[in-house]
Amino acid sequence: MNDSASVPITSSALIIGAGPAGYTAAIYAARAGLAPVLVRGLQPGGQLTITTDVENYPGFADIIQGPWLMEQMAAQAEKMGTRLIDDVITAVDFAATPFAAHGDSGARYLADAVIIATGAQARWLGLPAEKKLAGAGVSACATCDGFFFRGKNVVVVGGGNTAVEEALYLTHHAARVTLIHRRDQLRAERILQERLFAHPKIRILWNSVVEDILGAGQPATVAGVRLRDTLTGAVSDLPTDGVFVAIGHTPNTAIFKGQIAMDAEGYIITTPGSTRTSRAGVFAAGDVQDKLFRQAVTAAGTGCMAALEAEKFLASRLATHDQAAA
């Protein structure tokens, strides 16, 4: 018999996810004396574990490495009193308190408050070169990495709001931005399209798909993209210094479906100005509920908010219980 399955792991606050939001929530929850349990999931550290140079996280004058930053956050959370567990939550039950979560290990977790910080994943083209050249000219975040392409030529792949916004942002750094779209019209909002079409630094390649990303040098960095015309089938190479894939993100929320309210894209809906979800006692922080900013520092900020709101929720419950007992 699996002992971990027979004896639940209990805590005042359970944190699901281990990116900047999860670790920050853990630090604040631990400081509040909640003795939180944090289940780290498949990718402890989140998207920053596959990010090399980070120069926009406050407090560091020099460029730091994403994995190192996550290691430091994990160490701080643990030092404060967080119990870190390497497991993957596969199902949850928020119908009643204590809330329950089930791990792939067979462990069962019970908590009076839950903070969801499972993040989101960028959608990729599925090309082997994307992984090979990640951090070497391939990115899914212009606001994260655009600064590294000052005065260079870059391409953006996509046709929705994200792609157009990324292209417009990159004009602040790059010398030339080429938007590559597989169709002959964009899906982005009209006002964004108008700004895109009017910008002198941007050109658009219609009816084109990226078949490969070309690298050069040792170690290899992006040198170009191989394009296929969707109408004629013609293949051509376009030199470029950077490739920004902007075809959307997928929030990691499948296991919460039917438990809390989400929007049509699967992002958790939170009360404006808060991390509260549709279920009292369940909070959401970071990219799992933020489709606009998607930055490590904003994720950390909402992680702090979630922990403070969880502390307030638990204190209110305790006060209500004490009044009822009296």
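E211 forms a salt bridge with R228, the closest N and O atoms lying 2.6 Å apart; a salt bridge here is a side-chain nitrogen of Lys or Arg within 4 Å of a carboxyl oxygen of Asp or Glu. Because E211 lies in strand β14 (residues 208-216) and R228 in strand β15 (residues 221-229), the pair ties together parts that are 17 residues apart in sequence. E211 is partly exposed, with a relative accessible area of 37%, and R228 is partly exposed at 30% (buried means under 20% relative accessible area, exposed over 50%, partly exposed in between, with a 1.4 Å probe and protein chains only). Helices (H or I, at least four residues) and strands (E, at least two) are DSSP runs, numbered from the N terminus.

This is a predicted model, in which local features need pLDDT of at least 70 and side-chain atom pairs count only at pLDDT 80 or more, while totals for chains, interfaces and linings use all residues. Residues are numbered from 1 along each chain as its sequence is written, and side-chain values use heavy atoms, with hydrogens and water left out.

The structure holds seven salt bridges. In one of them, the side chains of R317 and D112 meet at 3.9 Å, N to O. R317 lies in helix α8 and D112 in strand β8, so this pair ties together parts that are 205 residues apart in sequence. R317 counts as partly exposed, at 34% relative accessibility, as does D112 at 28%. D86 and R40 also meet in a salt bridge, at 2.8 Å, N to O. D86 is in the loop between β5 (83-85) and β6 (89-93), and R40 is in the loop between β2 (37-39) and β3 (53-54), 46 residues apart. At 58% relative accessibility, D86 counts as exposed. Elsewhere, D263, E265 and K291 are linked in a network of salt bridges.

The nonpolar interior comes next. A nonpolar core is a set of buried Ala, Val, Leu, Ile, Met, Phe, Trp, Tyr and Cys residues joined through side-chain atoms within 4.5 Å. Of the 33 residues in the largest nonpolar core, Y23, L38, L69, I115 and F283 touch the most other members. The elements that give two or more residues to this core are β1 (9-16), α2 (20-31), α3 (66-80), β8 (108-116) and α8 (296-325). Helix α8 gives the most to this core, with seven residues. Apart from this core lies another, of 22 residues, among them V39, I85, F256 and A284.
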